[in-house]
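Please look over the sequence and the model first, and then follow the sections below.

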Amino acid sequence: MKKISILFVVILVAFTSYGQMVKTIPVKSNVDEVKLYLGGAQVTRSANLNITNGTSKIVFKDLPNTIDATTFSVDGRGDFTILSIMQGYSNEKQRLPKEAQVLQDSLTLLMAQKEDIVVLQSILEEEERFLYENRSIGGQQSGVNPTELKDAANFYRTRLGEIKKKQLTHRRTVAELNKEIERLKAKLYPFSSDRVALNQELAVTVSAKKATNAKLTVSYYTTSASWSPMYDIRTDGFGEPVELILKASATNFTGEDWADTKFTFSTGQPTLGATPPTINPWFLRPISKVPAPSMAQSYSVRVAAEPEQLDQDKMTTSAGSSADYSVKQDAVTATDYSLPISYQLETGKDPLVVEIEKKRLEAKYEYFTIPKKSFNAYLLAKIPNTEKLNLLSGKASIYLEGAYTGSANLSSSMSADTLLLPLGVDKAIKVERVRTKDYKSKRFIGSKVAETVGWDINIRNGKGVPISIKITDQIPVSTDKSISIEPEETTDGSINKDTGMVTWRLKLNPSEKRKLQIGYKVEYPKDMKIVLE
């Protein structure tokens, strides 16, 4: 019996010692860095703590549920060993952030006020019902004293009036409270039903031979945050370089706010996977019926590549931007833009937009106009050698001489010899197209009609520098053998006989004017109706 008792004591001591050896240490961690991809984000967070000797289980609490738990990785700094990591969920009630808690307290107070008024309203309704049910005065055998009748009438009138007024006041108060309650509910919505709970946990078991200061770093992947590229295209106009500014628009829907965080924007897409596809043998078999050919056609768009950098000292700017501090790193499959500046990005709120790269590109400018359609002269910038520009697909906002002129869509497929950028309308270039009165006639020749039409195109350069301009007009193209068309006047314009397009390329000095003419003669049968300008 003595041996059994001693053995029991030894087992109990060992079990107690083991329970004391594994200590649970809950820690709060901060997000230090976020690497945003075009379709996800790699989040890195850390916690500093003191580890005692023995085995400890360090629990990272309040992690968002949007984490892909299979991507957890843990790194440590200090004299200890990481034994294991385990992901789980907390059963603790979700705590609202401070700004949401204030809203919740106000909502609770308003709800209590509404309940009090509803109770008072029900009491008034009961009193009103009591008065109506006890309106009979005196007995059936005896008459009613006039004085008593007058006093009773005054009492009913006065008391019912007070009840009705109080009921009206209560209804108006409840209506105002309902408006305020709905307003607070709307403000609380992002923090409640639409908010992702922060109850995921990560337990990291470590072992240390002695007490030590430790730093644990946890990283994981989430698809609830990403960034999208945007561009600003800025120029001061003819003869000036084009500034191409790449901006990142970052969104966060992870359920937690990122404060004082450093961001890296990567063009990589880890969701595409790292494993290359496979290909199987392709066996051809005869089919009984050949499918009809598709009527769909594919079109290609030619545009841009490598920028020729200009002297940065010649460019003056009013203020710097985050792009001045961005560090660009070209990896094998992606480009990373790292910003040493810390930013804040709240969950579910407006995107964070920052500039991450600036390029000054040499450009050749040309104005373009189609006076038949519009009297506007559009400025176009041609950027040569753009095959190494590495454009991303995104919307570009265009600014000419500091004024917003419109937008364009850039694409990663725009990698050709020259990138053509529309920069908007320049009102300093005056364009006019008027019918030539002396150049219109209609004659009958036998069984045919001959009509002659002519137009004057007037161009004036109102800028203080020479410009190049391309003017396009047209003459009709016959689709019937009985209709003949002959150009009469094109003022040295180039004519495409297949399309009827007439093109002029002019160089105009400051304040220089130029007049162009376009005319044509059309012959067709008398019994045919055609429409000319």
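This is a predicted model: local features need pLDDT of at least 70, side-chain atom pairs count only at pLDDT 80 or more; totals for chains, interfaces and linings use all residues.

## Strands side by side

T24 stands opposite K57, a residue of strand β4. Strand β1, made of residues 23-27, runs parallel to β4, and the two are joined by five bridges. P26 also has its bridge partner in β4, namely V59.

Strand β4 covers residues 54-63 and is mostly covered, since eight of its 10 residues are buried. Strand β7, residues 200-208, runs antiparallel to β4 and is joined to β4 by eight bridges.

## The open sheet

These strands belong to an open sheet of four strands, in the order β1-β4-β7-β6, and the pairing within this sheet is mixed. The edge strands are β1 and β6, the latter spanning 81-89, and each of them pairs on one side only. On average, and with direction ignored, neighbouring strands of this sheet are turned by 20 degrees against each other.

In a regular strand, the side chains alternate between the two faces of the sheet.

## Helix α2

Helix α2 runs over residues 98-133 and has 36 residues. From its first C-alpha to its last, helix α2 reaches 53 Å, which is close to the 52 Å expected at 1.5 Å a residue.

Which residues of α2 are buried? They are A100, L103, L107, L110, I117, Q121, L124, E128 and L131.

## Aromatic pairs and a cluster

The structure holds six aromatic pairs. In one of them, the ring centres of Y37 and Y221 are 6.3 Å apart and the planes stand at 50 degrees, so this pair counts as tilted. Because Y37 lies in strand β2 (residues 30-37) and Y221 in strand β8 (residues 212-222), the pair ties together parts that are 184 residues apart in sequence. Both Y37 and Y221 are buried.

Another aromatic pair is formed by F72 and Y220, with 5.7 Å from centre to centre and 70 degrees between the planes, an edge-to-face arrangement. F72 lies in strand β5 (residues 67-77) while Y220 lies in strand β8, so this pair ties together parts that are 148 residues apart in sequence. F72 and Y220 are both buried. Elsewhere, W227, W258, F263 and F265 form one aromatic cluster.

## A buried threonine in a loop

Where is T254 placed? T254 is in the loop between β10, which covers 242-252, and β11, which covers 258-266. Is T254 buried or exposed? Its relative accessibility is 2%, and because buried means under 20% relative accessible area, T254 counts as buried.

The side chain of T254 also makes a polar contact, at 2.7 Å, with the side chain of N252.

Methods
Residues are numbered from 1 along each chain as its sequence is written. Side-chain values use heavy atoms; hydrogens and water are left out. Buried means under 20% relative accessible area, exposed over 50%, partly exposed in between (1.4 Å probe, protein chains only). A polar contact is a pair of N or O atoms within 3.5 Å; within protein, one must be able to donate a hydrogen and the other to accept it, and residues adjacent in sequence count only if both atoms are side-chain atoms. Two strands pair if DSSP finds at least two bridges between them. Axes are lines fitted to C-alpha atoms, for helices over the stretch in contact, and angles run from 0 to 180 degrees between N-to-C directions. The expected span of a helix is 1.5 Å times one less than its number of residues. Rings of Phe, Tyr and Trp (its six-membered ring) pair if their centres lie within 6.5 Å; planes under 30 degrees apart count as stacked, over 60 as edge-to-face and the rest as tilted.
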